[in-house]
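Please look through the sequence and the structure below. The briefing that follows takes them up topic by topic.

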Amino acid sequence: MMDAGRHPRIELMTLSEVEEVNGYIGNFKVKVRKKARYVDEKECTACGDCADVCPVTYPDEYQVGLGTRKAVYIPFAQAVPSSYVINPENCLGSNPIACGKCAERCEKKCIDFDIQDEIVELEVGAIIVATGMDTYDPTEMDEYGYTRFQNVVTSLEFERLICAGGPTEGHFVRPGDMNRPKRIGFVQCVGSRMENRGNPYCSNICCMNTIKDSLLLKEHYPDTEIFVFYIDLRAFGKGFEDLLKRSREAGVNYIRGLPGSVMEDPETENLIVDVENTTAGRLEQYNLDMLVLSVGLEPRGDGDPLRQALNLSKTSDGFLLEAHPKLRPVDASTPGVFLAGCVESPKDVKDSVTQASAAVARASHILTSDKLTVEAITATIDKEKCTACGACAKVCPYGAIRWEKKTPAEVIEAMCAGCGTCAAECKFDAINIKHFSDEALMAQTESAVAENASERIVAFACNWCSYAGGDGAGTSRLQYPPNARIIRTMCSGRVDERFVLRAFELGAPIVLVSGCHFADCHYIDANRATQRRVDKLWDKLEKLGIRPERLQLEWISAAEGQKFATVMREIEKMRQRVTAEEIEHTIKVLKEDRGKQESKRKAKAKV
Amino acid sequence: MAEQDNFKCLRCGNEYSLPKPEKATMEERTCPKCRSNSVRKVG
Amino acid sequence: MSEDGLRIGVFVCDCGLNIANTVDTEAVRQYAEGLPDVVASVGNRYTCADPGQEEIKRYIRENDLNRVVVASCSPRLHEPTFRHCVEEAGLNKYLFEMANIREHCSWVHSEDHAGATQKAKDTVRMAVDRARHLKPQIEAEVPVTDAALVIGGGVAGIQAALDLADTGHHVYLVEKEPSIGGIMAQLDKTFPTMDCSI
């Protein structure tokens, strides 16, 4: 921690949050809000005089509410930067007339109530996301009595109680009467491996954390009796089994079975714990001085804005999704962004450090190159065909199309991300996308229904989410009928209505357009254009006497392999209901319609 | 009563209405019955 | 409009048994051989392994291939691998196309060998039809800002910032709270070493 604070190449920005991220791999532009500290962190000597005179007292977050702090405070003794901070919501008044005692007292005059939030713009080549996790709040698991009984604490509270830097300065006591507890129970899997409350996954660290706690207790207070209530003990890491063995040898009792109920003896404030010991096959009751809930880890509740700013996806458990679970485990789905620590999944210190170093190796690979090549998938405009209508400029999520009335539109290549929404929007066939050209995609569409068209589903899938969801279905071996023929586009916004109509004209019973969920779109909001286009197509199909149901739309994230497979199964059922007569009729009307459109276009071109 | 938007699910046929959003932003549509996104705004 | 003189090579991967267990890869290879403009159709046990890649390069050189289609796994996995491979043999990497017959086929239709084989054939045909319209592309080069942003000053963020800085990069370490340290700083001792966390 100290090293990070004084490293000449590390610029530490505390009380700061990322607000906006623009740009791309190698060239990100990031806006960071530096919140006002009201204390000059460079000048502050952490003498603490200010806190001595501060008249207000609040629960201390660092001590998880077990201790108190003032409105001006240092988060903890070894804080980096080693500086006090004023919490403006706690402070009696930024108006010095209201209070201002701390500013008066500070000899170095470090305290300044006029400091404002500051927006700092950074330019970086790579980003590592290491925003961590939350611990599970067990209040909802009322049967354990957390918040009802004083001597039921979480494992994080336990850490503070036994820590020399804790509120009791290492004198381990229970909160109820400040006496040292001699019979202590630990409940495992609190908030983990639960289907209805908390989280369904294993939080990875809690078994080992309890084993560690039991050893600490046995070391400091050998007369303590310890009972660990568990479902399974997962001691799978290097050296872990040894610790478990040491703990057992030290006399810690491991009881397979989670408590069914916890009651408090009103006299002693002791806890009466009923548990079915499934090894012994009997109901047991324990009278304990203190009960520690070994709480699981969960995704940060405040993580979504940053995730969306960085265009990252999450897995169904809410942690961030990696680019590939085995081969690119620290790469995020956005190029140039990497993941480290618990933001990706619950993990211990060693794994967090390992992953951080791996992320650095990946990021460094970018930072050490002089130049990066960017994929050549960008839009080009045929000036001859462009009518300067401006429709393309309106749908471009990046503002990468320069257009003025009466002059042909122009693509600013450095800003174009290649989603292809403009090409799909252009009615005059004037825009094409490199590598995902109209010709190539049309050829693929036609090819999809070249044989046995009536048995086929033509499915368009975007590279980042729905196609990846299809890959996920494969990795999980989820089975579905083999009728769909998948066409990959970078974005669902690339899907031109002509591709869809052509598929129907060639006899496709069902066409599926699929893309990212609105919040996950990799091209800001290009998939809104998809929705509008599909809406229009539904209207058009209906007008032509074709059932709009035959065009399906789905938003499938990269993590939703399950949804991908379900959609495939359901639309196959729909396909079976499309009759030969229906298809024949569709082919006929669409041929006529295309003939009409073409002659219209020709007539226009002549004018 | 607030103005309503009417929707029809093109997967399961379910028809439903939602209060018109205050802002004219486009929201992701999901059929409350079958969770499909093939939801058409009608009427 | 597709160009004249197209010479397409198709490489069908068994992926050990991952594909070949479900899809009749030899039938797919034969089918591809009969498609217009396909001048070589080759089966590989593992196309992504060195021998497979060497074979692609050899065919490009010896058969003057100007389009390459690999039917194997997802392009999200190995497209960069094969693009690099064809580039090494002197072909523009945008003249490469992939047919996903594993994640989108053999793995999800393992009970339906005939259906999966048919889908694999169609997927290869679609890739060949698309490949005809591929054009060489030149990638733009952009400069790189040699600085990194680490978001979060817990144990992972601190380690990342230190490693990056020690490697010689400038680092911005952004932390929401008034101090770095994260949850780790709240822990008394940490396993497996049972030492202090700070």
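A:Val64 sits in the loop that runs between β4 (57-59) and β5 (68-70) of chain A; strands (E, at least two residues) and helices (H or I, at least four) are DSSP runs, numbered from the N terminus. The model is predicted: local features need pLDDT of at least 70, side-chain atom pairs count only at pLDDT 80 or more, and totals for chains, interfaces and linings use all residues. Residues are numbered from 1 along each chain as its sequence is written, chains are lettered from A and ligands numbered from 1 in the order in which they are written, and side-chain values use heavy atoms, with hydrogens and water left out.

**Positive phi**

- A:Val64 is not a glycine, yet its phi is positive, near 40°.
- With a relative accessibility of 26%, A:Val64 counts as partly exposed (buried means under 20% relative accessible area, exposed over 50%, and partly exposed in between, with a 1.4 Å probe and protein chains only).
- A:Leu15, also listed as a residue other than glycine, has a positive phi of about 50°.
- The loop between β1 (10-13) and β2 (16-24) of chain A holds A:Leu15, and this residue is buried at 12% relative accessibility.

**Cis peptide bonds**

- A:Val80 and A:Pro81 are joined by a cis peptide bond with omega about 0°.
- A:Pro81 belongs to the loop between β6 (72-73) and β7 (85-86) of chain A.
- In chain C, the bond from C:Phe191 to C:Pro192 is cis, and its omega is near 0°.
- The loop between β8 and β9 (195-196) of chain C contains C:Pro192.

**Chains and the residue C:Ser179**

- There are 2 pairs of chains in contact, and chains A and C share the most contacts (contact means heavy atoms within 4.5 Å).
- Chains B and C do not touch, and their nearest C-alpha atoms are 21 Å apart.
- C:Ser179 is placed in the loop between β7 (170-174) and β8 (189-190) of chain C.
- The relative accessible area of C:Ser179 is 5%, so the residue is buried.
- Leaving aside neighbours within four places in sequence, C:Ser179 is in contact with residues of chain A, among them A:Met1, A:Thr14, A:Pro75 and A:Phe76.
- The side chain of C:Ser179 reaches the backbone nitrogen of A:Val80 at 3.0 Å.

**The loop residue C:Asp112**

- C:Asp112 is in the loop between α4 (102-106) and α5 (113-131) of chain C.
- Its relative accessible area is 30%, so C:Asp112 is partly exposed.
- The backbone nitrogen of C:Gly115 is reached by the side chain of C:Asp112 at 2.7 Å.
- C:Asp112 and C:Thr22 are 90 residues apart along the chain, and their C-alpha atoms are separated by 7.5 Å.

**Two helices of chain A**

- Helices α5 (residues 206-220) and α6 (residues 240-249) of chain A pack at an angle of about 40°, with their axes 9 Å apart (axes are lines fitted to C-alpha atoms, for helices over the stretch in contact, and angles run from 0 to 180 degrees between N-to-C directions).
- α5(A) and α6(A) are therefore oblique to each other (under 35 degrees counts as roughly parallel, over 145 as roughly antiparallel, 65 to 115 as roughly perpendicular, and the rest as oblique).
- Residues of α5(A), including A:Met208 and A:Ile211, meet residues of α6(A), including A:Phe240 and A:Leu243.

Definitions and conventions. Polar contact = N/O pair within 3.5 Å; in protein donor to acceptor, adjacent residues only side chain to side chain.
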